[in-house]
Amino acid sequence: MISARRMVQRAVGVLRPLLGRARAERSGATAVEFALLLPALAYLIFGVVDMGLMMFASEEMDLAASEAVREIRTGAVQAALAQANSNSSGQSLYAGDSNCIGATTTVANFATSNATTNCLGFTVNSTDTASTVFGELLCHTVPVGGTTGAFLNCNNFNWDVQTYGCWPNQTCSNPAPTDLRTVALTYNSSGNPQTFLTSPGSAAIIVAVIGYKYPFFTPLIGCFFDGPDCGVPGKQTTAPLRYYAVVQAEPF
Amino acid sequence: MSQKIPFGYHSRSAFRRVVRDSRGAAAVEAAMTFPVLIAMMLGMLEMYFYMEASHRVTAAAQLTADLVGRQATVNNGTGPASSTPMSAIFSASLVMLSPMPVSSSVPTTSNSTNPAIDVASILFANPTVTTNNLSCSASTTGPATGESNGVANYCHGIDWELAVGGATAKANTTAVYTNFVNGCTASNLTACYCVLTSASIGNPVPFCVAGQSIIYVRVDYTYTDPIAFFFPIFLGSNQIVISESAFVTPRQVTYVPLCTTASSSSCA
């Protein structure tokens, strides 16, 4: 009978040449080294892709913001809210046809049309505020995201839009300050604008800041962009994208 | 007699051994590649920040020009109550450049700020007519290049100009059209558009209809590159002046007068 000790000795005797060959084998070394370096390389590549997407988001967000500000500037937001408040059904007129391009909208037009949308492209109810309408606008004018926010997430938008009746020295109920930088644009603790737009009325001067928080999927990249969550464990870093505009409303 | 060992024999064999040794090749390759990759990434970031800054300056120039073009009258300090103070518009320009760093004071004609802004109202007039600050007499308008002598030329000039924050004013007194294009002739200038190449402004002026004006706005923003990796190598400095200009036609009036006193008669 072979002792256990003998069995181990025999097994080692059989395996030793094999282990020795594996130790001396060099053909997979490059692959192993590459595998060790892959995480660093992948981090760089993902980081570059991530930044590319952030730049794309920045352009899209600028476009959405300027389009949304334009809808206050031309009075379309004010008109949609006024329609919603003046109609018995509490919705803005359906104006997918000529009503949208200057024709006078009446309650009669409203009754005969499909009350599904309006000039802005979505339903405005009498319960909506100027701020919720503005948020919808930002969402709807994002070409890629659309209503579902496929690329830009609608929930990541923030805005503070302040409107004034006239220039500083002119006569109106709420003239703009002499220095427009003193307009109290408000930001929350994360550095994003407070979501804010009071009823713009017949706005003359519109001062707007629109923010979009772009979340990076690559860790720590947001530190380049002074993201508020840089270095916070378990938090996705972000790029705070901003759009600032001061415009004067069209006569409407 | 001992065999002579050639000089460098040992070191050469050691060199060969190192060269032939393929251990760590991937690590060495990676060590050589990574700086290039990281440089590319930094360069991309740097270009992005610069492009974004350029984009903001362009937008600021356009929005500022739009604001000036929307006014019926403007003033630089004092003017009738109905006129819009240019200082408010310049403060709006600073908001438009946010969140990029800008000077703490609003640019005026007597200070030096970043950005510097140049706003001018360029007026087109008949040569024999004195309009506002622009005096076009027959003596100031010679025959245009390529035109026969004696053809009546329209003249254009700076009606008013505000170069604030240390901007260089591009004003000149009067000038004559030098290029007629798109079927414009001297006899139908009032009815057609023509392109004017003006050395004083530096850009083609798209509209020139007698009695009307255009607003010219140039924003010079000194951009400081935050990464300072490639900029110092290629430009010798991490700063570059981004200069963007915009033209608009006035929206409420044919030309926007500048008021200098509280009396509306000073608006010209």
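Predicted model: local features only at pLDDT ≥ 70, side-chain atom pairs only at ≥ 80, totals over all residues.

Visitor: Which side chains meet in a salt bridge with N to O at 2.6 Å?

Guide: That's R251(B) with E250(A), at 2.6 Å from N to O.

Visitor: And how many residues of chain A are in contact with chain B?

Guide: 38 residues of chain A are in contact with 44 residues of chain B. About 3400 Å² is buried between the two chains, and carbon and sulfur atoms give 65% of that area.

Visitor: Which residues in chain A lose the most area to chain B?

Guide: L44(A), R181(A) and Y244(A). Together they make up 19% of what the chain A side buries.

Visitor: OK, cysteines now. How many disulfides are there over all chains?

Guide: Three, over all chains. One of them joins C139(A) to C154(A), with S to S at 1.5 Å.

Visitor: Where do C139(A) and C154(A) lie?

Guide: C139(A) is in helix α5 of chain A, residues 130-140, while C154(A) is in the loop between α5 and β1 (157-164) of that chain, so the pair ties together parts that are 15 residues apart in sequence. C139(A) counts as buried, at 10% relative accessibility.

Visitor: What does C166(A) pair up with?

Guide: C172(A), in a disulfide with S to S at 2.1 Å. The link of C166(A) and C172(A) is left-handed, with -80° about the S-S bond.

Visitor: Why is the disulfide of C259(B) and C267(B) called right-handed?

Guide: Because the torsion about its S-S bond is about 105°. As for accessibility, C259(B) is buried with a relative accessible area of 1%, and C267(B) counts as buried at 17%. The cut-off for buried is under 20%.

Visitor: Switching topic to strands. What order do the strands have in the open sheet of chain B?

Guide: The order is β2-β1-β12, three strands with parallel pairing. The edge strands are β2 (84-85) and β12 (258-259), and each pairs on one side only.

Visitor: How many bridges are there between β1 and β2 of chain B?

Guide: Two: β1 (residues 74-75) and β2(B) pair over them in the parallel sense. V74(B) stands opposite T84(B), which is in β2(B).

Visitor: Are Y48(B) and F49(B) buried or exposed?

Guide: Y48(B) counts as buried at 7% relative accessibility, and F49(B) counts as buried at 14%.

Visitor: Which residues do ring pairs link into a cluster?

Guide: Y50(B), Y223(B) and F231(B) are linked into a cluster by ring pairs.

Technical notes. Residues numbered from 1 in each chain as written. Chains lettered and ligands numbered in written order. Heavy atoms only, no water. Pairing = 2+ DSSP bridges. Helix = DSSP H or I, 4+ residues; strand = E, 2+ residues; numbered from the N terminus. Disulfide = S-S within 2.5 Å. Buried < 20%, exposed > 50% of the residue type's maximum accessible area, 1.4 Å probe, protein only. Phe/Tyr/Trp six-rings, centres within 6.5 Å; stacked < 30°, edge-to-face > 60°. Contact = heavy atoms within 4.5 Å. Buried area = accessible area lost by both parts, 1.4 Å probe. Salt bridge = Lys/Arg side-chain N within 4 Å of Asp/Glu carboxyl O.
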